[in-house]
Amino acid sequence: MKPTLTRSLGLITGVALALVGLYLAIAGGQLAFLGGSLFYLFAGLVLIVTGVLGVLRPKAAPLVYAALMLVTLIWALAETGLNIWGLEVRLITFLVFGVWLLVPAVWATGRGWMADKAALLGSVAVTGVVLLASCFTSYSINGTLSPERMAASDPTAETDNNIANADWHYYGRTAHGDRYSPLGQITPQNVSHLKLAWQTQTGDTARAGEAEVAGPDQGHEFNLEVTPIKVDDTLYMCTPHSWIVAMDAATGKIKWTYDPRPDKKDVAANVYLACRGVSYYQAPEGAQTSCPKRIFSPTADVRLVAVNAETGKPCDDFGDHGSISLRTYLGNVPLGFHFVTSPPLVVKDRVVLGGWVMDNQANFEPSGAVRAFDPMTGELAWAWDAGHTPENWKPGPNDELTRNTPNAWGVYTADPELGLLYIPTGNSPPDNWGGSRRPFDEATSSATIALDIETGERKWTFQTVHHDLWDMDIPAGPSLVDLPGPNGEKIPALVQSTKRGEFFVLDRRTGQPVPGYPVEEKPVPTAGIAPDDHVSPTQPYPVAMPSLTPPDLKETDMWGATLLDQLICRIQYKSSAYEGQFTPPHVGKTTIVYPAFYGVVDWQGATVDPVRKVLLANASYLPFRIKLDHRTGLEQSGALPKWNGEGNEPTPKGNALAISPNYGTPYVAYTNPWLNPLQIPCKGPVWGTMTAIDLVTKKIIWQHPIGTTRDTGPFRTHNNLPLPTGMYNIGGSVVTKGGMVFIGATADDYLRGIDLATGKVIWRDRLPAGGQATPMSYSVNGKQYVLIAAGGHGGLGTRSGDYIRAYALDDAAAK
């Protein structure tokens with residue numbers, strides 16, 4: 001080996017180690033000052049010494065580095081145990097340097113490679129063995145649903161007599177919202193024969209500036225989140241730009257497309273372009289109409305349209321020649337402040353819907369009232385307005401529904417036999433400061449509320465978060481299921497999933513917890529609340545049910561791609577306000593929110609097998625950070641224009657979406673997902689799970705990570721190793737009588753088939769774009785299909801598209 005090369009490599013290596021050590025020493029000193037781990041400061045100083053020795057005394061340097069590797073290994077095991085993700089981030093940096101130092105030309109002394117580096121080789125080997133051993137650590141809860149439960153049969157539980165088993169009339173197949181298909185042709189035994197039967201592209205694709213954005217809630221997202229419905233031989237769906245599409249259920253051939261041509265100004269102002277589904281209504285026999293079967297769909301310019309299910313032509317007798325404006329009775333609605341993403345609920349001759357009201361803009365935003373319309377004429381039947389007396393009323397031409405009330409933007413569910421509609425509410429804007437909320441806001445926010453379908457009268461309320469300051473609104477209506485009572489009777493129940501990862505089991509007649517499923521109030525953090533706000537000292541917990549709520553964060557949970565960016569996360573953790581779940585947002589200091597409003601269980605809600613009494617939920621885990629700040633300085637500098645609510649909201653200077661202006665309050669809010677400079681989460685894996693819960697025994701049957709990092713790399717790239725970390729997911733699942741669970745949702749663009757009994761993935765197919773939608777299942781001519789929309793999700797950053805894909809067994813397996 002040439003001496004010049006040896007000297008050069010030794011010098012470069014020594015300088016590199018010293019620079020890394022200098023970074024660790026400085027940042028580690030800051031962490032130590034904040035009361036965090038001393039290891040980084042120690043490691044930095046040792047690396048500086050090692051780098052200097054590598055240049056001046058290369059014989060001693062490998063020994064020092066070998067000792068540092070062993071100390072690091074002991075420290076890593078003490079902090080994280082045999083957790084591969086925890087060990088990887090702590091050890092891989094030192095391991096890479098260690099392997100490099102084994103190169104003979106690096107720090108050679110002429111005594112021979114083994115004489116110089118035997119100790120280093122041992123340290124590298126031991127570290128490698130520990131990392132390899134940690135790869136076999138399981139992050140699953142392994143269990144099996146008993147054969148008796150798998151074979152359970154209850155025709156009264158699995159069938160809605162008004163809906164053929166072959167059909168899928170609602171977002172959740174029936175108004176109960178369970179997403180259970182009573183079809184059993186596809187089973188774990190034959191699912192390997194499941195093939196793509198057809199693929200259709202709607203033609204509605206993302207436009208400039210709409211598809212992939214910088215992160216959650218950071219731009220004009222194009223999200224194909226739709227779950228089509230199936231009636232007779234036709235599938236019906238909507239697209240992000242509000243097209244309504246009818247397809248042949250057997251072939252996918254488009255029968256017709258209706259474009260309601262939403263106003264371009266509304267589309268441009270809409271930060272969340274999505275339509276999760278349409279609704280079906282059949283007029284009573286003998287009704288005088290040219291549109292007896294009709295499809296209802298919301299539009300991006302805040303209308304509800306009705307079209308003929310056979311032809312796609314507007315129903316001329318509905319509203320204004322086929323549409324009604326949802327801005328009516330709302331007063332001034334600035335562009336982008338109100339839109340509908342969920343399908344209206346059609347039941348008992350009512351079309352019921354609410355809508356999404358722009359978060360965190362002001363405390364004088366449009367009303368969150370829920371409204372019901374006559375499905376034949378479009379005439380308003382009732383409005384449920386939490387701020388009006390009485391709450392259920394029919395406003396006149398000059399009336400305005402109460403502004404700034406909690407809205408209900410998720411999918412609604414209903415029990416037609418009880419005559420009750422179940423709505424999931426958010427909170428009165430803004431989300432993170434509640435000093436101006438009124439008593440009726442407090443009483444109806446973040447709650448499941450039962451309304452009389454025909455009159456809109458409120459029958460009961462169950463609140464899942466008191467004085468919500470964390471945007472823990474309920475994003476999906478409950479799933480309905482009958483549960484066995486203490487004396488063998490059937491109790492009509494519902495299961496309400498939450499962003500917190502909790503599941504409340506209530507009697508759907510009364511809103512009271514079902515016997516054996518108690519709810520307890522537990523104390524939560526109260527320190528640090530804004531001086532002109534308050535916080536609830538307790539929050540409700542369903543103590544008998546398994547929870548998907550993550551444990552409170554610790555400094556040792558911090559993560560990154562390397563030890564270097566992990567250190568940044570640890571400093572941020574120690575610098576932030578955080579006392580666990582429900583830490584109130586602080587003024588002038590960043591607050592960690594975990595679980596956060598981007599999960600744990602979001603708008604997909606939960607799936608329920610009503611026959612086997614099993615709940616299925618996919619969960620995501622991503623902390624956010626919030627900081628409240630006084631608005632006065634921003635307005636005085638001109639960075640944030642003043643606004644009194646008239647006309648449209650002015651645009652702040654710079655990045656308009658980097659700040660929540662919260663007009664009408666003393667504060668603005670800064671809210672972002674907690675990512676380090678490499679755009680890697682500061683909380684390590686597991687990031688996504690799939691869980692089955694036995695609703696009778698109230699135990700987890702199984703739980704497994706779901707999804708890989710294949711399509712999510714640093715800086716939001718689409719290339720990565722397919723590490724089995726579990727992955728962020730948006731979209732729900734479907735469960736079938738055949739014992740299969742199908743789910744897309746994950747950021748790695750797969751549709752997966754899961755054995756209901758064990759939770760094992762036994763089938764999967766690569767999608768051409770992100771599958772951030774809820775699948776459905778139906779049959780045509782005796783053949784069962786599984787369908788999913790694959791069009792991507794801007795907030796999750798998955799590949800965008802316009803695909804509808806249906807799968808079926810090959811002919812031999814289908815017999």
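This note covers a few helices and the nonpolar cores in a predicted model.

1. Ground rules. In this predicted model, local features need pLDDT of at least 70, side-chain atom pairs count only at pLDDT 80 or more, and totals for chains, interfaces and linings use all residues. Residues are numbered from 1 along each chain as its sequence is written, and side-chain values use heavy atoms, with hydrogens and water left out.

2. Helix α3. Helices are DSSP runs of H or I with at least four residues, and strands are runs of E with at least two, numbered from the N terminus. Helix α3 covers residues 61–80. It has 20 residues and spans 28 Å from first C-alpha to last, close to the 28 Å expected at 1.5 Å a residue. The expected span is 1.5 Å times one less than the number of residues. Buried residues (under 20% relative accessible area, 1.4 Å probe, protein chains only) of α3 include Y65, L68, M69 and W75. After α3 comes G81, with a positive phi near 65°.

3. α3 against α4. Their axes come within 9 Å and cross at roughly 170°. Axes are lines fitted to C-alpha atoms, for helices over the stretch in contact, and angles run from 0 to 180 degrees between N-to-C directions. The two helices are therefore roughly antiparallel (over 145 degrees). Contact means heavy atoms within 4.5 Å. Among the contact residues are Y65 and M69 of α3 and R90 and F94 of α4. The contact divides into 13 nonpolar, 5 polar and 2 charged residues. Nonpolar means Ala, Val, Leu, Ile, Met, Phe, Trp, Tyr, Cys and Pro; charged means Asp, Glu, Lys and Arg; the others, Gly among them, are polar.

4. α4 against α10. Helix α4 (residues 84–101) and helix α10 (residues 563–575) pack at about 140°, with axes 8 Å apart. They are therefore oblique to each other. V89, R90, T93 and F94 of α4 meet L563, Q566 and R570 of α10. By class, that is 3 nonpolar, 2 polar and 2 charged residues.

5. The cores. A nonpolar core is a set of buried Ala, Val, Leu, Ile, Met, Phe, Trp, Tyr and Cys residues joined through side-chain atoms within 4.5 Å. The largest has 87 residues; Y40, L47, Y65, F94, L120 and W470 touch the most other members. Helix α4 gives the most to this core, with 9 residues. A second, separate core of 53 residues includes C238, W256, V307 and A808.

6. One residue to look at. Which residues does F94 touch? Leaving out residues up to four places away in sequence, they are F39, A43, L47, Y65, L68, M69, T72 and L563.

Note on methods:
Angles under 35 degrees count as roughly parallel, over 145 as roughly antiparallel, 65 to 115 as roughly perpendicular and the rest as oblique. Buried means under 20% relative accessible area, exposed over 50%, partly exposed in between (1.4 Å probe, protein chains only).
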